[in-house]
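Q: I would like to learn how to read the features of a structural model. Please take me through them one at a time.

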Amino acid sequence: MKKVCIVMFALLLFGAFPGGAAAGEKVLMFGVDAEPIGFDPHTISAVASCRTIYQLYNSLVGLDEKLNVVPELAKSWEQPDDVTYVFHLRDDVKFHSGRKMTAADVKYSFERILDSKTGALANSPSYAGNIASVEAVDDYTVRFKLKQITAPFLVNVSHAYCSIVDREAVEKNGDLLRADGGTGPFTLGEWTPDNRVVLHKFADYFVKGEPRTDRIEYYVMKDSAARLAALRTGRVSIINADTSMLPVVKGDTNIYTVSYQSFNYSALCLKTTLAPFRDPRVRQAISLALARQDIIDIAYNGEAEISGFVPASMGHWAVDVKSHPLYRQDLKKAKELLTAAGFEKGFDVTITVGLLDSLRDIGAVVQQQLAPLNIRASVVNKENAEYVDQWRAHNFEIMVCQNVAGFDPSRGVEFFFKTGAAANIAEYSNARVDELCTLAAGTTDQAKRETYYKEAIGIILDESPNVVIASPREYFLAGTGVENFAPSAVNPYRLSAVEISQ
């Protein structure tokens with residue numbers, strides 16, 4: 001009776017599952033916590049969309065688990081001089097349309113990224129913005145010329161933001177928000193908003209033996225109890241897990257847990273061009289008001305670590321912020337800073353939250369922790385699309401964000417904090433930080449890069465345009481019939497190697 005009730009609860013909340021496997025089919029059914037907003041790899045960064053984008057697209061190169069650059073669409077490359085890169089492409093790659101991918105498609109993809117009308121996330125010096133020209137030398141050779149030395153160039157172009165796309169698909173559809181122009185292991189099928197996304201195996205995928213399933217079906221289940229119920233009753237194979245589920249499934253021999261320390265971090269993004277956040281003392285006061293471990297205990301059930309914007313998962317680039325004076329709750333000092341800034345009586349502010357339950361929880365706890373400073377915060381919950389629109393438009397006062405630090409500090413620092421950078425939604429500007437980012441990107445000397453970035457990180461931590469809270473562990477729960485599911489910080493949604501054994 002209890003099992004029937006659980007199933008009925010899930011169905012009542014989210015409707016029936018219209019998919020499922022036919023005889024002989026291997027279908028991976030994935031219960032996810034948020035609705036995608038589109039699938040254009042050049043313009044969409046939301047995690048809920050990237051789960052699908054990773055299956056549809058490839059980049060010129062990839063990264064292994066140690067962050068080494070490895071071949072992907074390019075089988076090899078060379079660097080004749082400091083600002084020239086020549087890529088030799090595979091000759092067996094097809095787009096999902098069936099057309100062969102050539103150097104002309106690489107040229108088109110990067111020209112699309114660099115076209116300001118596209119609104120591409122990689123149109124930034126911290127990604128592809130330093131490209132001066134892209135030349136198709138022949139059908140399978142591409143030459144990139146850079147405006148200046150860009151040390152992380154290969155790492156940058158490994159990102160999904162620099163995916164190679166099918167020009168014909170873009171021209172036919174106007175964009176790729178609801179269309180498929182990829183070379184990846186799966187093709188885009190049905191998308192039913194607020195319900196499911198279906199992907200189909202691409203039989204001509206260039207990696208032999210992959211994908212190992214016939215279909216992926218993502219089911220949107222915002223309620224964690226419903227996701228867990230669906231997993232336990234076999235209606236889905238894998239779910240995004242939150243930490244509250246871990247004690248519930250402990251000892252369940254039909255479910256296993258997979259986790260990794262992410263490159264993600266949560267932060268309060270403060271609009272520095274608005275009063276009162278123009279004054280860094282106000283931003284510092286907000287940082288001092290936070291009891292970060294309490295936030296972690298509530299929002300992440302303790303499964304996260306206090307972090308800066310270059311988290312521990314980035315290895316030697318990371319800075320341990322736990323001893324930083326702004327990371328220790330000090331309400332007395334916070335009040336002194338507010339008084340010095342002219343806000344001894346506090347102020348009213350709106351905190352915008354959305355996308356993930358953890359971010360909503362953070363908003364609620366921060367609201368309480370700001371109250372002793374007479375900072376009267378209202379928390380406004382936004383649906384995914386509206387939240388992302390406000391993120392893009394920088395239309396907020398305080399926004400609770402989950403950012404991805406990336407694989408190189410050029411993203412963790414420059415992408416979020418250099419003046420005018422694509423993800424600098426705080427509209428922060430510091431001439432010395434800008435200079436240090438330029439110096440760090442302009443040398444291949446790792447020791448010099450580290451010196452430059454460490455100085456920039458110190459300045460940003462002190463000025464607090466983003467008040468960073470924590471870097472969480474990410475969790476999935478899977479049924480025992482799922483094999484070879486090995487998510488990592490580098491590729492948390494690599495599903496092409498997953499097999500369904502029952």
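Q: Is R143 buried or exposed, or does R143 count as partly exposed?

A: This is a predicted model, in which local features need pLDDT of at least 70 and side-chain atom pairs count only at pLDDT 80 or more, whereas totals for chains, interfaces and linings use all residues. Residues are numbered from 1 along each chain as its sequence is written, and side-chain values use heavy atoms, with hydrogens and water left out. Buried means under 20% relative accessible area, exposed over 50%, and partly exposed in between (1.4 Å probe, protein chains only). R143 has 28% relative accessibility, so R143 counts as partly exposed.

Q: With which residue does R143 meet in a salt bridge?

A: Side chains of opposite charge can pair when their charged atoms come close. The criterion for a salt bridge is a side-chain nitrogen of Lys or Arg within 4 Å of a carboxyl oxygen of Asp or Glu. Here the partner of R143 is E135, at 2.7 Å from N to O. E135 counts as partly exposed because its relative accessibility is 38%.

Q: How many salt bridges does the structure hold, and which residues are linked in a network?

A: The structure holds 29 salt bridges. A network of them links E25, E190, R196, R215 and E217. Another salt bridge joins R90 to D92, with the closest N and O atoms 2.9 Å apart. R90, at 25% relative accessibility, is partly exposed, and D92, at 28%, is partly exposed as well.

Q: What is the strand order of the open sheet of four strands?

A: Strands of a sheet pair through backbone hydrogen bonds, either parallel or antiparallel. Two strands count as paired if DSSP finds at least two bridges between them. The order in this open sheet is 4-5-7-6, with antiparallel pairing. Strand 4 (74-81) and strand 6 (131-138) are the edge strands, each pairing on one side only. From one strand to the next, the twist averages 20°; axes are lines fitted to C-alpha atoms, for helices over the stretch in contact, and angles run from 0 to 180 degrees between N-to-C directions.

Q: How many bridges join strand 5 to strand 7, and which helix packs on the sheet?

A: Strand 5 (residues 84-89) and strand 7 (residues 141-146) run antiparallel and are joined by five bridges. H88 stands opposite T141 in strand 7. Helix 3 (residues 103-114) packs on the sheet and touches strand 5, strand 6 and strand 7, its direction making about 165° with that of strand 6. Contact here means heavy atoms within 4.5 Å.

Q: Where does H394 lie, and which residues does H394 touch?

A: H394 lies in the loop between helix 12 (384-393) and strand 17 (398-404). Not counting residues up to four places away in sequence, H394 touches K271, N424, I425 and E427. H394 counts as buried because its relative accessibility is 17%.

Technical notes. Helices (H or I, at least four residues) and strands (E, at least two) are DSSP runs, numbered from the N terminus.
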